[in-house]
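Take a look at the fold below.

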Amino acid sequence: MTSGKFVTTIGYERRHNPSLQFDDLERFVDHMNKDLPPRPANMSNIVAINQGRRPLTMEWPTAAALTSETTANLVRSGYLALDTRPYSEYAKGHVAGAYNIQVDSGQFEQSVGWIMPPDEPFVVVVDSPSAAQWVVHKLAFVGLDGRVVGYLPMAEWQAEGRPLARVSQIEVQALHRQLRLNGMGVLDVRSRDEFGCAYIESAHNADFKLLPQVIDGLPFDVEQPVAVICASGSRSITACGVLLRKGYQHVCNVIGGMTAWQEAGLPTHGVTDSPGA
């Protein structure tokens with residue numbers, strides 16, 4: 001419906017709905033596909049499941065435990081790791097190349113569907129074996145449980161002294177000073193609507209959900225320092241992982257995000273413009 005009506009009739013829609021005014025199939029298809037929103041990376045997988053071309057898990061999904069050695073070998077051979085621990089723990093130390101999406105976040109499975117490649121197997125990194133089963137259960141809602149090759153409790157990786165990658169953190173006041181002193185880039189990974197309301201003047205906007213698709217077009221050099229910001233610091237830590245895996249060498253996460261920036265009274269542009277300092 002295009003009228004905003006909560007109740008309608010077939011006759012009314014046939015007379016007034018623009019989508020029903022075509023007598024040519026190609027024109028109808030072009031109309032329906034015009035200005036479509038971006039599709040999650042996992043959309044083709046979901047469509048295949050709905051069409052019966054891929055299996056849907058009917059029982060409670062499970063995953064096998066992996067040793068740290070097996071995980072290290074998988075990662076070295078190109079497998080992606082999905083770290084589902086709190087982003088603060090991920091920042092302090094994680095398996096190199098891993099993405100971070102916290103399992104307790106409200107949009108966990110949807111975010112995984114946007115960020116993770118739809119056809120590649122991956123390892124799940126967790127706090128505990130019980131958490132692993134909950135992660136796989138949630139991934140089943142978007143048809144990704146079958147991509148999980150196993151899970152690794154992070155404590156095992158740490159206990160064996162295996163190398164840890166880290167994400168630098170920066171507070172908003174420190175970022176403000178850096179922006180006045182040097183050429184640090186700022187990547188704002190909020191949605192376009194959020195960005196338009198209030199943003200840092202030099203920031204480049206790329207929605208974190210689309211970052212894997214647009215990363216090659218970012219206006220930063222991989223050796224350039226880049227501060228990544230969202231509203232609070234959770235989506236930006238996911239984006240940091242994407243950048244690091246792509247080869248960016250100096251990435252930092254902005255603690256507290258734009259919420260902290262605005263609460264500190266630092267200058268913004270957009271609908272809520274404030275004078276620069």
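## Strands, pairs and a covered helix

Gly185 stands opposite Val226 in strand S8. The model is predicted. Gly185 belongs to strand S6, residues 185-188. S6 and S8 (residues 226-229) pair in the parallel sense over four bridges. S6 also pairs in the parallel sense with strand S7 (residues 204-205), over two bridges. There, Leu187 stands opposite His204.

Are the faces of S6 covered or open? Both are covered. Gly185 and Leu187 are buried on one side, and Val186 and Asp188 are buried on the other.

Now a sheet. Four strands form an open sheet in the order S2-S1-S3-S4, with parallel pairing. S2 and S4 (148-153) are the edge strands, and each pairs on one side only. In general, strands of a sheet pair through backbone hydrogen bonds.

Here are the strand pairs with their bridges.

| Pair | Sense | Bridges | Opposite residues |
|---|---|---|---|
| S6 and S8 | parallel | four bridges | Gly185 and Val226 |
| S6 and S7 | parallel | two bridges | Leu187 and His204 |

Finally, helix H6 (residues 108-115). Seven of its eight residues are buried. Among them are Phe108, Trp114 and Ile115. What do the buried residues of H6 pack against? They pack against strands S1 (80-83) and S2 (99-100). They also pack against helices H7 (129-140), H11 (211-214) and H12 (234-246).

Notes:
Residues numbered from 1 in each chain as written. Predicted model: local features only at pLDDT ≥ 70, side-chain atom pairs only at ≥ 80, totals over all residues. Heavy atoms only, no water. Buried < 20%, exposed > 50% of the residue type's maximum accessible area, 1.4 Å probe, protein only. Pairing = 2+ DSSP bridges. Contact = heavy atoms within 4.5 Å.
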